[in-house]
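The report below works through one chain and its ligand, element by element. Please keep the sequence and the structure in view while reading.

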Amino acid sequence: MCEDAMGEERRGISRRGLIGGGAALGVGAAAAGFGAGRAVAGDESTSRGDAQAYELYGVHQPGIVTPVQDRLHFASFDVTTDSRAALVGLLREWTDAAARMMHGAGAGPAGPTSGDYDAPPDDTGEAIGLPPSRLTLTFGFGASLFDDRFGLSGKRPAALEPLPHFPGDNLSPERSHGDLCVQACADDPQVAVHAIRNLARIGFGTVALRWSQLGFGKTSTTTRDEATPRNLFGFKDGTMNVKSADREALGEHVWVGKDSDQPWMTDGSYLVARRISMTIEIWDRQPMREQERVVGRTKAEGAPLSGGAEHDQPDFARTGREDAPLVDPAAHVAIAHPDHNDGVRMLRRGYNFVDGSNDLGRMDAGLFFLAYVVDPRTHFTPVQMRLSTLDAMQEYVQHTGSGLFAIPPGVRKGEYVGQGLFSA
Ligand SMILES: C=CC1=C(C)c2cc3[nH]c(cc4nc(cc5[nH]c(cc1n2)c(C)c5CCC(=O)O)C(CCC(=O)O)=C4C)c(C)c3C=C
Ligand SMILES: [Fe+2]
């Protein structure tokens, strides 16, 4: 047999093995992950009844009120073409790929090990055998998308105006802004990374990755029945978060209504992303009294320092010895509380991160703060202005990256994400 033929044969055996049932690991894995997903990929509106898979299609995008998964890969992209048609084409492809991957299928119709042998696979393969892992993909548009390149300047919502500079900000341009964003959340980090990697691969020639952030350990929940997770200061975080069952609060503080200046944003939201570095080595040397004073809650239970249990409201008027308020007025929860911010609330969905260590041998650690709000001008900027000037926690944190994105409503079957923005 000539060498070419031997090569063909070797490749043939390997592919037939994977497709026809020869390679036990490959096939077993495919059946558990991509195989199972492919069965439903043709009918994306039908839930597979598997608690591990969420649906892309709906009134709102997934990944906002969806129960918060354990892992995050967040990516910001810049569009590298001036072609509106190419941008729309990409959003169509991303929508199809997202629907497939959320069901545990490959990013493309052929999958990682089938398809044209002389072309790159339409899925990269590292998620073969992995279940959907509750993957959600949430897409957003940054202010820079609305410049003159795509004829979208008249479609920019007023709420998407750039965030102001906040005292203490030390934002890195390499970790800020972007034309598009994708938030991938899953219980398995490999599934989240696989999703972003494949969306970036599909976008080659149309978008370029601007920055991305990995997160482990959620710092909030959106359901009442889960235990409140902890941030890297060791405190419960998310106690007073807006919960998915609280429809009234969602309508008031999270979802954009029909009264929006841009009708295409109805049922959408705005995502504020802030990479917040935490000087955990300094924090770790603070007495417990100081740590609890800064947060305004107990470390063990997460209860307000004014008394009661975790989910009780703090009593800011309650005083202790020498008539001093039990919750320091400069405590984080005092500064951020709705009572001191015109009643505004936000749906927080952040993650802990550790991006290695710095030159001083300190951990480059922090909280990748993600919050969904109805309007950042009323629901984020004033709160963050107060925090950056009055919050006792400010001594231990520094904002090092920032992004603000318009999150369009959910996708209807047969449509693509953000379609309303591009229709007349
Ligand atoms: C601008 C908004 C906020 C930023 C930025 C922020 C950063 C940040 N927060 C913690 C830790 C905790 N935050 C807690 C509560 C809380 N935080 C915000 C807003 C921002 N936080 C709000 C609106 C609230 C809720 C206030 C309330 O209704 O009582 C808590 C307490 C528990 C809880 O309710 O979640 C902790 C702990 C860190 C570490 C951090 C930046 C690194
Ligand atoms: Fe907070």
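## Valine 383 and its surroundings

In this predicted model, valine 383 is in contact with Ala336, Asn341 and Val344, once its neighbours within four places in sequence are left aside. Valine 383 is found in helix H10, and it counts as buried because 24 C-beta neighbours lie inside 10 Å, where the cut-off for burial is 20 or more. The C-alpha atoms of valine 383 and alanine 208 are separated by 33 Å, the two residues being 175 apart along the chain.

## The shell around ligand 1

Which residues of the shell are closest to ligand 1? They are Thr239, Met240, Ala336, Leu367 and Gln384, and the shell as a whole holds 27 residues. The elements that give two or more residues to this shell are strand S5 (269-278), helix H8 (332-336), strand S8 (363-373) and helix H10 (381-390). Ala336, one of the closest residues to the ligand, is also among the contacts of valine 383.

By residue class, the shell around ligand 1 divides into 16 nonpolar, 7 polar and 4 charged residues.

## The chain as a whole and its annotated spans

The chain contains 11 helices and 9 strands, and 43% of its 424 residues count as buried. Among the contacts in the chain with a separation of 6 or more, 73% are accounted for by residues 24 or more positions apart.

An unreviewed UniProt entry places the feature "domain: Dyp-type peroxidase N-terminal" at residues 61-216. Over residues 61-216 the chain is 21% helix and 21% strand, with the end C-alpha atoms 22 Å apart. For "domain: Dyp-type peroxidase C-terminal", the unreviewed UniProt entry lists residues 228-411; this span is 21% helix and 22% strand, and its end C-alpha atoms lie 30 Å apart.

The buried residues in H3 are Leu87, Leu90, Leu91, Trp94, Thr95, Ala97, Ala98, Ala99, Arg100, Met101 and Met102. H3 is followed by glycine 104, whose phi is positive, near 85°.

Helix H4 (residues 189-202) has 14 residues and reaches 20 Å from its first C-alpha to its last, close to the 20 Å expected at 1.5 Å a residue. Its buried residues include Val191, Ala192, Val193, Ile196 and Leu199, together with His194, Arg197 and Asn198. The buried residues of H4 pack against strand S1 (71-79), H3, strand S2 (136-142), strand S3 (180-186) and S4.

S7 pairs in turn with S8 in the antiparallel sense, over 5 bridges, and serine 357 stands opposite methionine 363 in S8. S7 and S8 form a hairpin with 5 residues between them, and glycine 361 in the turn has a positive phi of about 75°. S8 is also one of the elements that give two or more residues to the shell around ligand 1, and Leu367 is one of the closest residues of that shell.

Where does glutamate 322 lie? Its place is in the loop between helix H7 (288-295) and H8, and aspartate 323 lies in the loop between H7 and H8 as well. Glutamate 322 has a positive phi of about 55° although it is not a glycine, and aspartate 323, also not a glycine, has a positive phi of about 60°.

Are these residues buried or exposed? Glutamate 322 is exposed because 5 other C-beta atoms lie within 10 Å, and aspartate 323 is exposed because 6 other C-beta atoms lie within 10 Å; the cut-off for an exposed residue is 12 or fewer.

Conventions
Residues numbered from 1 in each chain as written. Chains lettered and ligands numbered in written order. Predicted model: local features only at pLDDT ≥ 70, side-chain atom pairs only at ≥ 80, totals over all residues. UniProt positions renumbered as here; feature names shortened; annotations may be inferred. Helix = DSSP H or I, 4+ residues; strand = E, 2+ residues; numbered from the N terminus. Near = placed C-beta within 6 Å. Nonpolar A, V, L, I, M, F, W, Y, C, P; charged D, E, K, R; others polar. Contact = placed C-beta atoms within 7 Å. Pairing = 2+ DSSP bridges. Expected span 1.5 Å × (residues − 1).
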